Amino acid sequence: MKKILLAMVSALVLITAMALPASAETVISGSAASATTATTTTVAFVQADDTGTINGNTTSIASGHYNKVFAHDTRKGHTVILVIQTLTNPGTQTHTVKSISSRMGTFKFVNSYNDGADNEIWICTDTTGAADTLTVNTPTNAWNAFAIEFNRPATGFVNGGGKVADLNYLANQSWTLSRVAAGNIAFVAVDTLEAYNTGPAAPWKYYNSGYWSFVNGTSAAWRVAKSSAPLTATWQTDGGESSSQGVVVRFKR
């Protein structure tokens, strides 16, 4: 079943399905891209966690409160992608996260889509400190977060866009990232009113735990691109209002 706090979404309100174009590429230049010398030329997964797994439940966190999002401290010179969900029912506001603070470093906003909850992607392209917590400020006063760490600093990122759609029972929920080059990280986050039955096929890796679990109707997937070609991640959903969004993260080769 969909998370309890979202179960009050009115069946009379449907968000019109829409797709927005991805924004221009954001390039990190100068010291931000080269402050840390990586020990390997291959970007690799380090860890992924979410506040639900850390807290042992799916209770949302109040605005201005810090919470663990990783089991272990991040390392300096790495990349961290966040997916933050805030509860807006009955509203459909986007970009409800006003600020993020963490000793990991500075997080940049990527995109935001609302399917009954506001789902936002943020990224820290070059961690400057060791930390496992963050603080989110939002007027909704209810947030949870998923975080994933990679072992190298990014040189930039591309907003992969997203959409909201009302899907049928057992429909496929897919999102395609088109501006992908070899060595990039392709990352997709999804949310649905009900639940997911299956996740993207290998070589995609997907997260299914805590608040970001299939039964809770929330998930994320990632992979390293092997070539310059579009990549599509697909889940099977039990239907209802659903959001899909993504980001492509660039790394020096």
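Q: What makes Lys-68 partly exposed?
A: Lys-68 has a relative accessible area of 31%. Buried means under 20%, exposed over 50% and partly exposed in between, using a 1.4 Å probe and protein chains only, so Lys-68 counts as partly exposed. The model here is predicted: local features need pLDDT of at least 70, side-chain atom pairs count only at pLDDT 80 or more, and totals for chains, interfaces and linings use all residues. Residues are numbered from 1 along each chain as its sequence is written, and side-chain values use heavy atoms, leaving out hydrogens and water.

Q: Is Asp-132 buried or exposed, and how do you know?
A: The relative accessible area of Asp-132 is 16%, so by the cut-off of under 20% Asp-132 is buried.

Q: Why is the contact of Asp-132 with Lys-68 called a salt bridge?
A: The closest N and O atoms of the two residues are 3.5 Å apart. A salt bridge needs a side-chain nitrogen of Lys or Arg within 4 Å of a carboxyl oxygen of Asp or Glu, so this pair qualifies. A search of the whole structure finds 1 salt bridge.

Q: What does the pair of Asp-132 and Lys-68 tie together?
A: Asp-132 lies in the loop between strand S8 (117-124) and S9, while Lys-68 belongs to strand S4, so the pair links parts that are 64 residues apart in sequence. Strands here are DSSP runs (E, at least two residues), numbered from the N terminus.

Q: How do you know that S4 and strand S9 pair?
A: S4 and S9 (residues 133-137) share 3 antiparallel bridges. Two strands pair if DSSP finds at least two bridges between them, so S4 and S9 meet the rule. In S9, Leu-134 is the bridge partner of Asn-67.

Q: Why do strand S4 and strand S6 stand at the edges?
A: The open sheet has 3 strands in the order S4-S9-S6, with antiparallel pairing. Strand S4 (66-68) and strand S6 (99-101) each have a single partner strand, so one side of each is left without a neighbour in the sheet.

Q: Why is strand S10 described as largely enclosed?
A: In strand S10 (residues 143-150), 8 of the 8 residues are buried, so the rest of the structure largely encloses this strand. Trp-143, Ala-145, Ala-147 and Glu-149 point one way, and Asn-144, Phe-146, Ile-148 and Phe-150 the other way.

Q: Which strands pair with S10, and over how many bridges?
A: Strand S3 (residues 45-50) pairs with S10 over 5 antiparallel bridges, and Asp-49 has Ala-147 as its bridge partner. Strand S5 (residues 79-87) pairs with S10 in the antiparallel sense over 8 bridges, with Ile-81 opposite Ile-148.

Q: How do you know which residues line the largest pocket?
A: On a 1 Å grid over the protein atoms alone, a pocket is an open set of points where a 1.4 Å probe fits, with protein on both sides within 12 Å along at least five of seven lines; lining residues have an atom within 4 Å of a point. The largest pocket has 19 lining residues, with Thr-42, Val-43, Val-224, Ala-225 and Lys-226 nearest its centre. Strand S16 (residues 218-224) gives the most to this lining, with 3 residues.

Key:
Helices (H or I, at least four residues) and strands (E, at least two) are DSSP runs, numbered from the N terminus.
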